[in-house]
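Please have the sequence and the coordinates open while reading.

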Amino acid sequence: MKIKKGDQVLIISGKYRGKKGKVLKAFPKEQRLLIEGVNLRKKHIRPKREGEKGQIVELPAPIHISNVKLICPKCKKATKVGYKVISKRTLRGGAKGSSKDQKSKVRICKKCGQKI
Ligand SMILES: [Zn+2]
């Protein structure tokens, strides 16, 4: 899944188009994301004890990943996510080419080319 928990995203379609929010939870199987303040649904909370009032709260419901774009934390633009395979050694800033070197897949912003 290209977008993960904690990412900032821009909503690109539907009622919340143009709104930005943070991903609270990702559901890779369904390709859906729960985004802070987006796709709010009213939920009735029953009183827990006698004498307490029931409440109506607004909670976000998951939306499909195709409705959002990632906001790059580096260039602050809504972008497409690319992938790049680099060695973990390079990630840590060390020398390349060791036989023990492991490869790691990182996300890349297609606008500025930075690792996300
Ligand atoms: Zn960028």
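This is a predicted model: local features need pLDDT of at least 70, side-chain atom pairs count only at pLDDT 80 or more; totals for chains, interfaces and linings use all residues.

Leaving aside residues up to four places away in sequence, glycine 6 touches Lys22 and Val23. Glycine 6 and glutamine 102 are 96 residues apart in sequence, and their C-alpha atoms are 26 Å apart in space.

**Domains**

The domain assignment divides the protein chain into domain 1 (1–71) and domain 2 (75–116). Nine residues from domain 1 and eight residues from domain 2 take part in the contact. Between the C-alpha centres of domain 1 and domain 2 the separation is 29 Å. About 750 Å² of area is buried between domain 1 and domain 2, and carbon and sulfur atoms give 58% of that area. On the domain 1 side, the residues that lose the most area to domain 2 are Lys2, Leu70 and Ile71, which together account for 65% of what that side buries.

**The zinc site**

Which protein atoms hold the place of donors to the zinc ion? The donors are the SG atoms of Cys72, Cys75, Cys109 and Cys112, at 2.2 to 2.3 Å from the zinc ion. In sequence, the donor residues follow the spacing C-x2-C-x33-C-x2-C. The four donor atoms make angles of 104 to 117 degrees, and the site is tetrahedral. For four tetrahedral donors, the ideal angle at a metal is 109.5 degrees.

Cysteine 112, at 32% relative accessibility, counts as partly exposed. The count of disulfides comes to zero, with a pair of cysteine sulfur atoms required to be within 2.5 Å.

Two residues other than glycine have a positive phi. Glutamine 31 has a phi of about 60 degrees although it is not a glycine. The place of glutamine 31 is the loop between β2 (20–27) and β3 (32–35). For lysine 76, which is likewise not a glycine, phi is near 65 degrees. Lysine 76 sits in the loop between β7 (68–71) and β8 (78–79).

Serine 87 belongs to strand β9, which spans residues 81–87. Apart from residues up to four places away in sequence, serine 87 touches Asp101, Gln102 and Lys103.

| Residue | Relative accessible area | Class |
|---|---|---|
| Glutamine 31 | 31% | partly exposed |
| Lysine 76 | 61% | exposed |
| Serine 87 | 7% | buried |

Why is lysine 76 classed as exposed? Lysine 76 is exposed because its relative accessible area is 61%, and the exposed class takes values over 50%. Serine 87 is buried because its relative accessible area of 7% is under 20%. Glutamine 31, with a relative accessible area of 31%, falls in between and so is partly exposed.

Key. Residues are numbered from 1 along each chain as its sequence is written. Side-chain values use heavy atoms; hydrogens and water are left out. Donors are N, O and S atoms within 2.8 Å of the metal (3.2 Å for Na, K and Ca); water is not among the atoms, so sites may look incomplete. Four donors count as tetrahedral if all angles lie between 85 and 135 degrees; four count as square planar and six as octahedral if opposite donors are over 155 degrees apart and all others between 65 and 115; anything else is irregular. Buried means under 20% relative accessible area, exposed over 50%, partly exposed in between (1.4 Å probe, protein chains only). Helices (H or I, at least four residues) and strands (E, at least two) are DSSP runs, numbered from the N terminus. Contact means heavy atoms within 4.5 Å. Domain bounds come from an automatic or database domain assignment. Buried area is the accessible area (1.4 Å probe) that two parts lose on being put together, summed over both.
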